[in-house]
Structure formats: structure tokens, C-alpha cells
Amino acid sequence: MASIDNYNFNGKKAIVRVDFNVPLDENGNITDDTRIRGALPTLKKILEDGGSLIIMSHMGKPKGKVNPKLSLAQIKDAVAKALGRDVKFAEDCANADEAAANLKPGEVLLLENLRFYPEEEGKPVGIDKEDPAYEAAKKEMKARQKDFAKKLASYADVYVNDAFGTAHRKHASTAVIADNFSADNKMLGFLMQKEVQAVDNILSDIKRPFTAIMGGSKVSTKIGIIENLMDKVDNLILCGGMTYTFAKAQGGKVGNSICENDKLDLALDIIKKAKEKGVNLVLATDCVAADDFSNDANTKVVSVMDIPEGWEGLDAGPESCKAFAEAIRPAKTILWNGPAGVFEFDNFTGGSRAIAEAIVEATDNGAFSLVGGGDSVACVNKFGMADQVSYVSTGGGALLEAIEGKVLPGVAAVKE
Ligand code: AMP
């Protein structure tokens, strides 16, 4: 694998996979340009070296079909502004030969949404997994994916992957494409390098105590990482919607709270494992319960074990916030993924805010803090604390898989 730090792009055409899957409002205006800003160091380095740039990304989930609402044409001007130069646009990412061939050093071409082609994700469309013909369809699609990746690769001399958000996917543009480049002409971008380094800090150079905070809505989507972290952390805070599955599993009454009834045994198992491994498991003891799933609902603080009928826990209570902060403040390594409540409602941000504040305090005292996953990042942004933690990851699923210890296809592909 080459290294972007000392690669000279002069006179080369570089095709760069970025994650420009930015949120848009109903008029197609970008509401958060973090992802565009995140890729700038890589894009600028290529242009400043005297290379030309072919930028490719997905946006949303068009499921292999052209969808104007998910067109990257909508962000062309924002990319041009961020780069301070004109950006050409290729309306068909798989037929951009001429536009790519005509690029001169310093010029930029943005390809249309890769996922307008099913080949990008490489999953057969319109056929059920149970269908006996599925395996054959999958094989055929994998072959088409290879061809699609080859086509993208043909536009350029060098491939750079700077899309951490999709690095856990083996898609045409994130992994398969790399087979078409020699080892010294493929590499990670600066953003990817930083992300990989941040995960490495968490996994290999753990300064103790290590506190992980996992929140969000469900246990089921986080179980892989919870089990993996159990071997590494000193303190494990499980909060958010998961709270109520744990409370019910221990005999509590959870009212209308979000609860995975088929995961009660799993919750008990996690409690048992934490004990066996000597991990200090911190679960919420009280919550802010609401009589409706709305910001303006009536609220009261109750025990998580005794939530009245018709009420639901939407945020961590004051006693829980105190316990969370106590497990976070002395930590020297911190990982936060998932909010402690329905932080989208301003009246239910208390738990997440208490966590963010304690993380900032610990970071001030020398801890390495990594915040990742869309919702916790939205939390620190909402609280204006993003620049007060050590690292804010752009990856959700990719970050979790990396921390679970899985090899990310997007990283592996350029290393091979
Ligand atoms: P996840 O995608 O699993 O990380 O979950 C994030 C979502 O969990 C956010 O949209 C939160 O609003 C939601 N969430 C957090 N706490 C609760 C709760 N107590 N009840 C319902 N949803 C919650």
C-alpha cells in the first residue's frame, strides 16, 4: 500500500472514494457539511500536487435506481466552493470515460451517485433471499460488480479510499475497485488514516481506566460490540432505550418504554458476563418518564423498575446521570456510541448532556475520548462540544465493526 503522505500526484488522475452522503433539506440544501469538510485535506493534497481529481460517492439508498432526489448534482456547487475551484459533473458514473480522459491537472470531476447502479452494492435486486434462484443471481451480480469497479478504475491512475463511513462494506467503489490498481497506486486518504489511528488508540494502546458508553435504541444492534468491549473495558455504561430491556429482564415494570422482549435473556447474560469479567456495568436506575412520545409530554422522574402504565422512559434520570459521570470522569480512555435518551427532543437531552460534559472534563484531564456513530456525533454537535473531545468519528457501522476487531474491507482492499 502506498501512503498519501509521500505520494506525488503530479500529472496523475486520482479517483477518490469519499463519503458525501450529506443530509439535505427538502429543497436540496446541505444541512451539515461535516463530511465534505472531512475529505478536503485529501482532495486538496491531490490538486496541489498537480493531479486531477475524480470524486465518487453514494448518497442515501436509491437501491440501484436513478433517483433525482439523491443526485450528487445537488452538492456540486458546495464541493466547488469548498475546493475553491470549478467542478465538472458526470451524470452517469459508469459512462464518464470522456470526461475523465479530458481532465487536466488541477481539474475536478464529480461522478453521479454510485448507488444508482445496483452493481455498486453488488446485491441482486428484486429477488428474495429465500428464492431458489437467489444464489445464481448473487453470483451474476458479483460478476457485474467486478466489471463496474473495473470501469470506474479505468478513469484513473491511482485510487484513494477516504470514505470511512462505508469502509465496512465490500462495495465496488470501496473495495472491489482496488484490485485494478498495483500496491503502489492505491492508498487510504487522510481522513481514513485518522479514523484507523483513532480506533487503534482505543484497541491497542488502552490507558486505564477505560470507560465505554453505549446508548441508542436497542441492545440487539449493539450486542456484537458490547460483548467485544466486555474484554477490554473497566466501566461499561449501557443507557438509552436499552435501559428498559435490562430493567424488565430484572423484573421491572417498564410501562410503554421501548423494550426488546426477545432480548431479556441476553440482557441477563450481559449482566452475568460483566460480573464474571470484573467489569463495572453501569445501568440507569432512574429515568425521565413521559406520558407521550413527544417533546411537550408531561414528565416525571421514576425508578426504571417501576414506570407507571401509559408512561415511557425517554431519558436518564438525575441519579443515573450522576452514576454515569462518576464512571466517566476518572477515565483515561473513553468511547461513546449512542445517546442516553431521545436527544432529538430538547426536553430529553439531560442524560446525553451529562455524558458529554463528563467526557469533556475527562478529556481536559488527559483522557483520549472517541465519539462515534451518527447520533452521538449529532449530540456533541448539538451541545457545541465536538471540538472538546479527542476525536469525533465520521463512521457509525464502520466504527463499531472496527472496534469489534473486524477487518474493514475498505481498509483491507488497499493493503492487499
Ligand atoms: P441507535 O440508532 O440504535 O444508536 O439509536 C439512536 C436513537 O435511539 C436516537 O434516535 C434516540 O432518540 C433513540 N433513543 C435513545 N433513548 C431512547 C429511549 N429511551 N426511548 C426511545 N428511543 C430512544
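A residue counts as buried here when its relative accessible area is under 20%, and as exposed when that area is over 50%. Keep those cut-offs in mind on this tour. The model is predicted.

**Stop 1: helix H2**

Select residues 76–83, which form helix H2. Which residues of H2 are buried? Val 79, Ala 80 and Leu 83 are. Show their side chains, then look down the axis of H2. The buried residues fall within an arc of 100°, so they line one face of the helix.

Now turn to the face of H2 that points away from the buried side. Asp 77 and Lys 81 are there, and these residues are exposed.

What covers the buried residues of H2? Select helix H1 (34–49), strand E2 (52–56) and strand E4 (108–111); the cover includes these elements.

**Stop 2**

Side chains of opposite charge can pair when their charged atoms come close. In this model the count comes to 19 salt bridges.

Select Glu 120 and Arg 17. Their side chains meet in a salt bridge, at 3.5 Å from N to O. Where do the two residues lie? Glu 120 is in helix H4 (residues 118–121), and Arg 17 is in strand E1 (residues 13–17). The pair therefore ties together parts that are 103 residues apart in sequence.

Buried or exposed: which is Glu 120? Glu 120 is buried, because its relative accessible area is 0%, under the 20% cut-off. Arg 17 also has 0% relative accessibility and counts as buried.

**Stop 3: a pair within helix H5**

Move to helix H5, residues 134–154. Select Arg 144 and Glu 140. A salt bridge joins their side chains, with 3.2 Å from N to O. Both residues sit in H5, four residues apart, or about one turn of the helix.

Check how open this pair is. Arg 144 counts as partly exposed, at 33% relative accessibility. Glu 140 is partly exposed too, at 45%.

**Stop 4: a pair within helix H10**

Next, find helix H10, residues 318–328. Select Glu 326 and Lys 322. Their side chains form a salt bridge of 4.0 Å, N to O. The two residues are four apart in H10, so about one helical turn separates them.

Glu 326 is partly exposed, with a relative accessible area of 48%. Lys 322 has 58% and is exposed.

Salt bridges that share partners join Glu 119, Glu 140 and Arg 144 into one network.

**Stop 5: the ligand**

Finish at the ligand. How many residues are around the ligand? There are 14. Select Ser 217, Lys 222, Gly 313, Glu 344 and Asp 375, which come nearest.

Take three of these contacts in turn:

- Ser 217: a polar backbone atom is 3.0 Å from an oxygen atom of the ligand.
- Lys 222: a polar side-chain atom lies 3.0 Å from a ligand oxygen atom.
- Glu 344: an N or O atom in the side chain is 2.4 Å from an oxygen atom of the ligand.

Last, show the surface around the ligand. On its own, the ligand has 510 Å² of accessible area, and the protein covers 80% of that.

Key
Residues are numbered from 1 along each chain as its sequence is written. This is a predicted model: local features need pLDDT of at least 70, side-chain atom pairs count only at pLDDT 80 or more; totals for chains, interfaces and linings use all residues. Side-chain values use heavy atoms; hydrogens and water are left out. Buried means under 20% relative accessible area, exposed over 50%, partly exposed in between (1.4 Å probe, protein chains only). The arc is that of the directions from the helix axis to the C-beta atoms. Contact means heavy atoms within 4.5 Å. A residue is near a molecule or strand if one of its heavy atoms lies within 4 Å of it. A polar contact is a pair of N or O atoms within 3.5 Å; within protein, one must be able to donate a hydrogen and the other to accept it, and residues adjacent in sequence count only if both atoms are side-chain atoms. Accessible areas come from the Shrake-Rupley method with a 1.4 Å probe; for residues, only the protein chains shown count as cover.
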